[in-house]
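Here are some notes to read alongside the structure, written for someone meeting it for the first time. Please keep the view open and find each residue as you go.

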Amino acid sequence: MANLKYGGIRPRILAIDDDANNLKRLELILGKDVKLTCANSGEEGLKYLSASTYGLVLLDINMPYMDGFEVLRRIRSRQDLNDLPVIIMTSDMDPELEAEGFALGATDFIRKPFVPTVIILRIQRVLQYEYLQNNLKSEVERQTELAESRLLASERLFEETVLALVKAIDAKDKYTSGHSLRVAEYSRTIAARAGYSGEQVQRIYYMGLLHDIGKIGIPLEIINKTSRLTDEEYSTIKSHTVIGANILQTIVEFPELAVGARSHHERYDGRGYPDGLAGERIPEMARIIAVADAYDAMTSKRSYRNTLPQEKVRSEIEKGRGLQFDARFAEIMLRMIDEDVNFVMQGDHSHEEKPLEHDG
């Protein structure tokens, strides 16, 4: 005999039939797989439906006082029972009766006299459908929660990997410890104030974190040189933009990372490197990082000077509007400076850093 349990639960079925023999027959066929309640009239069946919740109704058509169709009409008139599956039981299966039953909202028909296998299979099909319908929402929610959990885990892994790379950069360049993190935070704030979406803001943050990754490929003796760089050494250190882009372009799902690494030293007037791009030809996200990068370079302590005064930093950003920087993002940075009355936006002064020419 087929199992009528779903989710380990015995379904509650109400059988309404004025023939006690039919009800007894149903009890024998369905057995212990269901919780069967029997009613010998339409009126009694409606009372049961008002008092308890059932997953299925087996309804005889030919009953005195109130026939099955009238019971079905009353069931469907109630909002709380509108979706309750109802299987009509009848020995008269002419097309007109069948059409009327379906028009009133019958779910299926079972022919009398009962054939146990047919009854089991029809009830099983209806209960399976109802189980899937009733559990679809919870299953979708469960799968959604699982997918979101996996996504968060992937995002955490990605962020931890990025931060590990940033630490690798800091370990090589002891003079600019924390630079990438500060640039990322400033870039994120500028992007948010510029009206970027939450997802775009987060992507710019990651771009800021990795904008100087190319310094991994620069020799230590140049990275950590405390005296002024030669022209050849300066050319070498400028190559960190191309090296970084080459490293990050392998991350095909996040192409902006390579863009940020390559173009954060481009100038709005076209005098930057490595490609000499100007104006709108410079990727917009790289223009944001350029402002944040320059700001942190000026507000971090160097081996030959202390942090520049806030008014000096502001003046340099203002002078660079439309020349070194996109005026739109420079204006946002200027507002951030004006709001920073206590000059909190500074580098970590506990680290001794190298001259400005060395910075990314």
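**Notes on the predicted model**

1. I317 touches M298, F325, A330, M333, L334 and I337, when residues up to four places away in sequence are not counted. Please bear in mind from the start that this is a predicted model. I317 is also one of the residues that touch the most other members of the largest nonpolar core, a group that includes I190, Y196, Y295, F329 and M333 as well, in a core of 45 residues.

2. Which helices supply at least two residues each of this core? They are α5, α6, α7 (198–209), α10 (240–248), α11 (256–263), α12, α13 (310–320) and α14 (327–339), and α12 gives the most, with eight residues. Apart from this core lies another one of 23 residues, among them L14, I16, L59 and L81. As background, nonpolar side chains in soluble globular proteins tend to be buried together.

3. The next place to look is strand β4, which spans residues 86–90 and is mostly covered, since five of its five residues are buried. V86, I88 and T90 point one way from β4, while I87 and M89 point the other way.

4. How does β4 pair with strand β3 (residues 56–60), in the parallel or the antiparallel sense? The two strands pair in the parallel sense over four bridges, and L58 stands opposite I87 in β4. Together with helix α3 (residues 68–77), β3 and β4 make a right-handed β-α-β unit.

5. On its way onward, β4 also pairs with strand β5 (residues 108–111), again in the parallel sense and over four bridges, and the bridge partner of M89 in β5 is I110. The chain crosses from β4 through helix α4 (residues 95–104) to β5, and this β-α-β crossover is right-handed.

6. A search of the whole structure finds six aromatic pairs. Is F109 buried or exposed? F109 counts as buried because its relative accessibility is 3%, under the cut-off of 20%, whereas F102 is partly exposed, with a relative accessible area of 39%.

7. Y186 and Y295 form another edge-to-face pair, at 5.2 Å centre to centre and with 90° between the planes. This pair links distant parts of the chain, for Y186 lies in helix α6 (residues 179–193) and Y295 in helix α12 (residues 284–298), 109 residues apart. Both Y186 and Y295 are buried.

8. Rings also take part in other arrangements, and ring pairs link F158, Y205, Y206 and F254 into a cluster. The ring of Y205 has the charged end of R188 over it, 3.9 Å from its centre. In the case of R12, the charged end sits over the ring of Y54, 4.8 Å from the centre of that ring.

9. Some details of the backbone deserve a careful look. A cis peptide bond joins K112 and P113, with omega about -5°, and P113 is found in the loop between β5 and α5. The peptide bond from Y273 to P274 is cis too, with omega near 10°, and P274 has its place in the loop between α11 and α12.

10. Which residues other than glycine have a positive phi? Y65, in the loop between β3 and α3, has phi near 70°, and F343, in the segment after α14, has phi near 50°. Y65 is exposed because its relative accessible area of 83% is over 50%, whereas F343 counts as buried, at 15% relative accessibility.

11. Finally, please find T117, whose place is in helix α5 (residues 116–172) and which is exposed, with a relative accessible area of 52%. T117 and I223 are 106 residues apart in sequence and 82 Å apart in space, C-alpha to C-alpha.

Conventions. Residues are numbered from 1 along each chain as its sequence is written. This is a predicted model: local features need pLDDT of at least 70, side-chain atom pairs count only at pLDDT 80 or more; totals for chains, interfaces and linings use all residues. Side-chain values use heavy atoms; hydrogens and water are left out. Buried means under 20% relative accessible area, exposed over 50%, partly exposed in between (1.4 Å probe, protein chains only). Rings of Phe, Tyr and Trp (its six-membered ring) pair if their centres lie within 6.5 Å; planes under 30 degrees apart count as stacked, over 60 as edge-to-face and the rest as tilted. A charge sits over a ring if NZ of Lys or CZ of Arg is within 6 Å of the ring centre and within 35 degrees of the ring normal. Two strands pair if DSSP finds at least two bridges between them. A crossover is right-handed if, with the strands pointing away from the viewer, the path from the first strand over the helix to the second runs clockwise. A nonpolar core is a set of buried Ala, Val, Leu, Ile, Met, Phe, Trp, Tyr and Cys residues joined through side-chain atoms within 4.5 Å. Contact means heavy atoms within 4.5 Å.
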